[in-house]
Amino acid sequence: MRLMVFSDVHGNLEALQCVLRDAVKRDVHRSLFLGDLVGYGPFPNECVERVRGLKKCRCIAGNHDVAALWETSPYGMSRGAKKAILWTMEQLNESNKNYLAELPDRIDLAEMTFVHANPYNPRGWRYVTDRKYALRSFAATDCKYLFIGHSHRPLLIKKKHFLSVDIQAITGPTQVKISGNKRLIINCGSVGQPRDNDTRASYLIFDTRKHTIEFHRIPYDYSITVNAMKKNALPASLYKRLLKGT
Amino acid sequence: MKIKRHGPRSTTNLKQRFFIWSAFILLGGGVLLSALSFWNTRRLLMAEAMTKSEVILRGAEAIRSYVKEELRPKMFERHGNDTFIIEAMSTTYISTTIMDRFAESMPDYIYRRASLNPHNPRNLADSFEEGMFDWFEIDSTRLFWQGIVKKNGASYFVSMVPDYFGSSCIRCHGKAEDAPHELTDRYGMDGGFRFKAGDLAGINSVAIPVSASFREAWQGSIYLFAITLGGSALLLWLLNVLFQRLVIERLGVMLTLISEKKKGTSKHNTSGDEIDFLQASLGSLRRYVSSARKGSALQPNFIGNYTVTEPMAAGSMSWVYKGFESTTKEKVAIKIGFAEVLRNPLYRACFEAEFHLFESFSHPCVPKVTQRVEDTLIIDDIPGGNLSFLLHSKRLDDTLLFRVFSQLCDLVATLHSAGLVHHDLRPHVLVLDDQEKIHLIDMGLTSSDQQEDPIIAAGLGPQGDMLYMAPEVIQGKRGNPGSDIYGLGFLLYLALSGSLPFSEERCSSGKWLRKKEQIIPLSNHVDNLSNSMEQIVLKAMAFDSKKRYKWVEDFWEDLKKALN
């Protein structure tokens with residue numbers, strides 16, 4: 001089974017379309033979206049509807065999806081993110097709001113667990129990028145593979161033993177062979193706003209038969225997204241990030 | 001008369017069995033009541049005897065104590081230390097003499113002062129008292145004994161206390177040459193001497209005869225038993241009259257009605273009782289209803305603007321009928337909840353969940369809902385018949401097998417992608433139409449990983465047909481996608497062989513589990529079957545869900561390869 005895992009679209013429709021077109025070519029059976037369909041980007045409704053229309057795709061809620069529904073306050077976010085969320089709230093139609101409201105915080109499938117930020121406090125939105133929070137995440141689940149997003153950086157964390165993890169930043173398209181019984185935390189990066197100094201959209205495919213994780217980077221025309229952000233008077237700091245991949 | 005506890009092989013009729021069991025119960029109750037009465041009376045008698053004997057014994061002990069501590073010192077003071085008047089200074093003599101006089105007016109109370117080496121031979125211990133000497137000497141803390149003793153064919157309740165020599169006693173019980181001459185003159189120098197202070201001097205006892213009282217208690221119990229027996233006989237007669245009027249005669253009417261309906265058959269099987277016959281008739285009725293569910297005898301009906309015609313299939317919670325819109329004549333399928341499901345709130349929750357799924361879940365194999373009319377769903381027309389033909393056909397040809405399983409796997413993968421587990425994939429809920437398209441007509445046992453499972457919440461246990469059920473579902477575990485993969489494996493087995501992987505005979509859940517541990521190899525039914533195909537079925541139907549395919553897609557990929 002080839003499972004596509006993608007996250008953090010953030011209203012970037014162009015990036016999403018490119019990623020989905022690429023995944024179709026790679027014989028994906030199912031897909032799992034790890035949250036943050038909206039926020040930052042100029043096409044929140046279009047992105048929600050595109051993902052809603054995908055067959056065999058499940059989604060979980062991200063912090064921006066929740067904030068866009070006022071389930072958590074956006075006033076704790078950075079200035080640019082807050083402004084984008086308030087704009088997104090006005091744009092989202094009722095149907096898409098209802099869809100976002102029903103998204104779960106966590107999904108468990110066979111030996112895999114999927115969350116947006118972390119499994120120990122899913123709505124605390126803590127980044128899992130270091131040893132402390134990686135160990136805490138391992139302790140909060142008994143799955144073999146934990147898939148996360150939120151940090152916008154592709155990452156592979158391998159549990160070595162009780163108090164030690166091996167953290168590997170993934171740069172560019174990479175295929176990782178899984179061997180042994182080591183538990184893994186896998187961050188698929190971001191489709192709509194990568195922050196690892198690579199402007200290309202990021203997603204991964206987990207192949208259960210070949211035991212591989214394929215990290216893919218897909219170039220897209222970010223000028224379409226940037227122009228739409230400018231047109232809708234979204235903060236300049238946000239579209240500058242797309243140009244730099246930070 | 002031969003009596004069997006239950007079952008159609010019983011050889012006595014219902015009334016006889018009721019009479020025999022009632023008689024056993026009443027007789028047993030009478031015996032128990034009498035025994036309890038005797039035991040209670042005996043207990044009360046013993047308690048009374050215990051109190052009385054202890055009072056008398058303590059009285060005699062008080063006399064002995066008075067002589068020893070008051071009278072004898074006073075006599076020595078008055079008459080000097082060389083004087084010893086037995087009648088006024090011997091504790092044993094005084095206490096036995098007083099108790100002898102007491103016995104003249106109360107002959108039932110026997111006081112004894114027993115010694116192994118007495119001055120007076122009359123006080124020599126008998127064999128029982130010798131035994132009690134040993135018992136008291138073994139443990140000096142033993143200061144009292146009570147119990148029933150048989151003597152000369154009669155029972156006595158006996159209380160005993162030990163008496164130990166004090167230093168003042170040694171003058172008369174130490175060396176014979178130092179003893180007062182009044183004592184040696186009367187009793188001689190053979191017995192009652194050579195003791196030291198602290199030695200066990202004797203045992204003082206009171207015996208009360210209890211044989212007569214026990215006999216009276218026993219007679220009372222016999223009278224009580226006789227009265228109970230008489231009362232039981234009367235009660236038995238009354239019960240039988242009532243049973244005849246309230247049960248047997250009414251049952252007789254019912255049986256006559258049933259017999260009349262069963263034209264051409266004998267009145268009823270004489271080898272069983274009336275309930276057995278009724279049970280057999282109800283079994284027949286159940287089979288009739290079952291066949292009615294399958295559509296052999298249902299009449300047309302009308303729901304809203306729709307006309308219901310013949311039934312198509314029965315799901316876990318509902319029937320599916322064919323029908324049409326009354327004005328446009330457009331063909332539809334109509335899903336109607338079982339009456340018993342609609343009445344039961346626990347099942348109704350499952351039924352509502354199923355309707356919600358039909359309304360919300362989208363897949364080419366799931367018929368679209370046109371309208372909901374109260375407890376009825378109007379869904380797209382489903383032409384064709386269900387896959388139960390697989391049970392009686394030979395191996396499905398590879399092209400059809402491919403088409404059927406590609407749709408089935410896609411359907412199940414879509415269900416699993418949405419967090420749903422069907423739990424009830426069996427030929428009867430899957431319809432194959434003329435275009436070889438599969439339609440799923442039942443989702444009554446489906447669970448969702450995002451909602452509380454109504455079947456688990458209601459504690460309903462395994463639901464559905466155990467023949468097709470995955471082992472873990474029989475064990476009450478739900479929500480495992482592997483259970484549907486087992487269902488797919490089962491369907492593949494049927495499609496490849498036209499046979500079941502184990503016998504269909506109905507049995508307990510434990511036996512089903514044992515059956516499912518070992519399936520009949522496919523090669524027993526089919527020749528020229530590829531090893532890879534057999535391995536796919538074995539893996540999909542593995543008893544342990546962890547050994548099955550984890551993903552439907554993996555099952556389908558292997559199946560595709562094997563078919564190619």
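A residue counts as buried under 20% relative accessible area and as exposed over 50%, with partly exposed in between. The model discussed here is predicted.

**Aromatic pairs**

Over all chains, the structure holds 22 aromatic pairs. One of them joins B:Trp21 and B:Phe24 in an edge-to-face arrangement, with 6.1 Å centre to centre and 65° between the planes. The two residues are three apart in helix H1 (residues 14–79) of chain B, so about one helical turn separates B:Trp21 and B:Phe24. B:Trp21 is partly exposed at a relative accessible area of 46%, whereas B:Phe24 counts as exposed at 52%.

A tilted pair is formed by B:Phe165 and B:Phe195, whose ring centres are 4.7 Å apart and whose planes stand at 45°. This pair links distant parts of the chain, the residues being 30 apart. B:Phe165 belongs to the loop between strand E3 (154–164) and helix H5 (170–173) of chain B, and B:Phe195 to the loop between helix H6 (181–187) and strand E4 (200–209) of chain B. B:Phe165 is buried, at 8% relative accessible area. B:Phe195 has 15% relative accessibility and therefore counts as buried.

In chain A, ring pairs connect A:Phe114, A:Tyr145, A:Phe147 and A:Phe206 into a cluster.

**Lysines over rings**

| Lysine | Ring | Distance from ring centre |
|---|---|---|
| B:Lys515 | B:Trp512 | 4.1 Å |
| B:Lys539 | B:Tyr549 | 4.5 Å |

How values were computed. Residues are numbered from 1 along each chain as its sequence is written. Chains are lettered from A and ligands numbered from 1 in the order in which they are written. This is a predicted model: local features need pLDDT of at least 70, side-chain atom pairs count only at pLDDT 80 or more; totals for chains, interfaces and linings use all residues. Side-chain values use heavy atoms; hydrogens and water are left out. Rings of Phe, Tyr and Trp (its six-membered ring) pair if their centres lie within 6.5 Å; planes under 30 degrees apart count as stacked, over 60 as edge-to-face and the rest as tilted. Helices (H or I, at least four residues) and strands (E, at least two) are DSSP runs, numbered from the N terminus. Buried means under 20% relative accessible area, exposed over 50%, partly exposed in between (1.4 Å probe, protein chains only). A charge sits over a ring if NZ of Lys or CZ of Arg is within 6 Å of the ring centre and within 35 degrees of the ring normal.
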